[in-house]
Amino acid sequence: MTISLNGQWTLFDINEPEKLRIPVSVPGSLYSAMLREGLMDDPYYRENEYISTDISDRDVAFERSFDADDEMMASDRLLLKFYGIDTLAEIVLNGTVIGTAENMHREYVFDVTDIIRPVGNVLRVNIFSPLKFIREKNEKEPLWGVASTIAGYPHIRKAHYMFGWDWGPKLPDMGIWRDVELIGVKGGIIDGVYVRQDHSRVSEGVVGLSIEVTAGRKCSEELSVKAVITAPDGMEYEMSAEFGEERKACLSCDIENAELWYPHNYGAQPLYALSVKLYDKGEEVDVHSENIGLRTVTVSRTPDSEGDGEEFAFVVNGIKIFAMGANYIPEDQIISRCSAEKTEKLLKQCVMANFNMIRVWGGGYYPDDYFYDACDRLGLLVWQDFMFACSVYRADVDFCSNVKHEAADNIKRLRNHPSLAMWCGNNEIESMWQYWGIDADPEYKKDYLRLFEALIPKVLEFYDPVTFYHPSSPSSGGGFNDSGANNKGDQHYWAVWHSLKPFTDYYSYKFRFCSEYGFESIPSIRTVRKFAEEGDLNLMSPVMEAHQKCEDGNEKIMYYLAQMSHYPYTFEGLVYATQMVQSDAVRLNVEHMRRNRGVCMGSLYWQVNDSNPVISWSSIDYYHRWKALHYNARKFYAPVLISADGEDKDNIRLNVSSERREEFSAVIRWRSRMNTGDVIAQGMENVVIKPLSAEDHIVLTPENTGIAADMRDRAYIEYTIMEKGIRLSSGTFMFVQPKGFRFIDPKLSVAAADMGNKFKIVVSAEAFAKSVCLEFSGGDCLFSDNWFDLHGDTAGVYVSKAKLPAGISSEELARNIKAVSYFEALELEK
């Protein structure tokens, strides 16, 4: 049995309790409590971050009292379990120190059998300043870390992003950030459940399961276990076993008519309910429940067709998929603001944009169970980093022991999720040692190998030997062997953005798997107004610079704008231009990689979400508002994509890449047009699209398009692939950058029609309109399509009534939707 110790606690300053004593909700933190009590200004507003960081110089205590009823007191043993303490803590129960904590990423369990009393228990958790700790440690032994952070953070096993990053403020919060429970043990307790799958007979519809159940220490010698698996159709499979040596019991069964789990857009996500019950002398004493999915997943590293490298392809149920998604960072700097509802919303928005994978980046924390549960349901494969990033670590005996426990806790918690596709040792540390020229003792390089190529693989071999392990990202396989190679392993490509390379530089590489690349933009003007006042709306104002964490980030934004766009005369125009450029930057690389399917097998752009309202690489901002990039990810990550390879402008190749598992027939239609939208020439071709393929189908030349070299500043090509009259994918090819094109006023207009539970919005243009952006002045609104091109024609876009003010009419909606294209946003009429 368990008693939750969540809820109302008291928080006070250990050294000056008279200055700070306030209620705090657990799970919770110092920052969340002070914000609720009005003792701290919103750290995201204007420049408040700068006055907020030092709050973490305090040592604070969390305290509460509780009772234990007769049934709890009758237990054989009483355990106090903390699922997450952030970070340096001393735990005191009824005046007795029962233990310490030093790792935010671990679970801590303390035997309190001899300390608990029936009434009036007082539990106190003293949490010590992370800032004081890292300062003292770093003075004695400086450890290299990211320049934009608070020095010394690699000394502490605490989410690195809390100390600042190039998209996040320095807010090293502290508290009890996950659940607290008092557990009464009778006979025994389940310590771990590991499910292995045998797919050798899957062609017969049979998947074999073996389930290893481990009991906790100090358990009865008369334990038994019963497991029940319930299939999606209600069919039940029962197993039972006695415990043997090492407190383990092994059960097995064959699942008939097995329904396989697939990533999004490759198949369904059926889940089987697993219930494991522990018995002592026939009496039920503990239960464990979770959902599992029947699938195999690994990474193929076989030599590739190019002959000079090897592929890096995720293989699910024998199918080599093209991984499509983005990198995920913590959803808030103040973790207690995160919730299952917010995470569910974000991940559903990922699926709406046709993601099939998400990478949990190593500078944050291991997400809560609800994150992985949602990925299981939605079909999002998870690339899971261990929580190490861009840093030098001192892998002494104590640190390695700490990491060993951290890894074990999280491997055991996550290993059965069907969404778990890979474990990765760290973010960018192998390549950091090779290419960044860091000034650090070479002995630490040996510590790197000890951690990521010895210790963690050993823990995985014990707890999860099946799931693929990659030592670092990027890496070609470990051992500091050309970790940045683009012909094997995965790659982080940052020449576009950090090195100011043009977008055409993408075409110089045939990445095998691009797990990081990206481009910054300013979030929605509605988001900017949440943290800035009217006088702050200038990219170079102190407030806007406070919300730009990337070194020279604003300068890079303006550099690329100068290459591509007219000058934005308004701040709203600047927001529009940065989002347009960001979207095009990522789109060009995705299209390039998908055209090379079979050589390249994955795209994870940086990044999908924000932890605070900020100028960043995200496609969805802190308030879940979609940027142009996310709307366009829905298009360039579509299962069927048509794209134009226009590197040779005299021979533009129309390519179709398909992630469908079956062949299908389609029609490709293209039109060359003038800036007025008038058609110069057109063509249509029936094609057969092979499964899981990428193939060129049409070559467009000046002869068949009618676009001579001297027309390229006012003519363009639009193209579409259709199946049975339904558009699957479309695009626009412009011979010049937008700033070099002779746009004319498209005279956009908006109308709306009531369709029952939704509205249809019809947007019309009288000429070519690039990147038409719709905004609803009455609040946030998610459109079925946005940031699309019009060719002197109309487009229908839908919006759910549930997301709009109640009772709004179609006329009111049309009046309150603003449509702007590149022409209006950049005020080309000037």
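Guide: A helix here is a DSSP run of H or I with at least four residues, and a strand is a run of E with at least two. On that basis the protein, a predicted model, has 17 helices and 46 strands.

Visitor: What makes the protein as compact as a globular protein of its length?

Guide: The globule rule is 2.2 Å times the number of residues to the power 0.38. For 830 residues it gives 28 Å, and the radius of gyration is 28 Å, so the protein is as compact as a globular protein of that length. The C-alpha atoms fill a box of roughly 85 × 65 × 65 Å along the principal axes.

Visitor: Why is Glu-49 called buried?

Guide: Buried means under 20% relative accessible area. Glu-49 has 7%, so it counts as buried. Glu-49 lies in helix α2, residues 49–52.

Visitor: How do you know that the side chain of Glu-49 makes a polar contact with that of Lys-549?

Guide: The cut-off is 3.5 Å between N or O atoms. The side chains of Glu-49 and Lys-549 come to 2.4 Å, so the pair qualifies. A polar atom of the Glu-49 side chain also lies 2.9 Å from the backbone nitrogen of Lys-170.

Visitor: Which residues does Glu-49 touch, apart from those up to four places away in sequence?

Guide: Pro-43, Pro-169, Lys-170, Leu-171, Ala-546 and Lys-549.

Visitor: What makes strand β26 largely enclosed?

Guide: Six of the six residues of β26 (323–328) are buried, so the rest of the structure largely encloses this strand.

Visitor: How do you know that β26 pairs with β33 and with β27?

Guide: Two strands pair if there are at least two bridges between them. Four bridges join β26 to β33 (602–605), running parallel. Four also join β26 to β27 (357–360), again in the parallel sense. Ala-326 stands opposite Tyr-605 in β33, and Asn-327 stands opposite Arg-359 in β27.

Visitor: Why are β37 and β40 edge strands?

Guide: The open sheet has four strands in the order β37-β36-β39-β40, paired antiparallel. β37 (679–689) and β40 (726–734) each have a single partner strand, so one side of each has no neighbour in the sheet. Neighbouring strands of this sheet are turned by 15° against each other on average, direction ignored.

Visitor: How many bridges join β36 and β39?

Guide: Eight bridges join β36 (664–674) to β39 (715–723), in the antiparallel sense. Arg-673 has Tyr-716 in β39 as its bridge partner.

Visitor: What makes some peptide bonds and phi values worth a remark?

Guide: Most residues other than glycine have a negative phi, and most peptide bonds are trans. Val-26 and Pro-27 are joined by a cis bond, with omega about 0°. Pro-27 sits in the loop between β3 and β4. Ser-473 and Pro-474 are also joined by a cis bond, with omega about 5°. Pro-474 is in the loop between β30 and β31.

Visitor: Where do Arg-46 and Trp-497 lie, and what is the phi of each?

Guide: Arg-46 is in the loop between α1 and α2, and its phi is near 45°. Trp-497 is in the loop between β31 and β32, and its phi is about 100°.

Visitor: Why is Asp-780 called partly exposed?

Guide: Its relative accessibility is 39%, so Asp-780 falls in that middle class. Asp-780 lies in the loop between β43 and β44.

Visitor: Which side chains make polar contacts with that of Asp-780?

Guide: Arg-526 does, at 3.5 Å. Arg-625 does, at 2.7 Å. Within four places in sequence aside, Asp-780 is in contact with Arg-526, Arg-625 and Lys-803.

Conventions: Residues are numbered from 1 along each chain as its sequence is written. This is a predicted model: local features need pLDDT of at least 70, side-chain atom pairs count only at pLDDT 80 or more; totals for chains, interfaces and linings use all residues. Side-chain values use heavy atoms; hydrogens and water are left out. Axes are lines fitted to C-alpha atoms, for helices over the stretch in contact, and angles run from 0 to 180 degrees between N-to-C directions. Buried means under 20% relative accessible area, exposed over 50%, partly exposed in between (1.4 Å probe, protein chains only). A polar contact is a pair of N or O atoms within 3.5 Å; within protein, one must be able to donate a hydrogen and the other to accept it, and residues adjacent in sequence count only if both atoms are side-chain atoms. Contact means heavy atoms within 4.5 Å.
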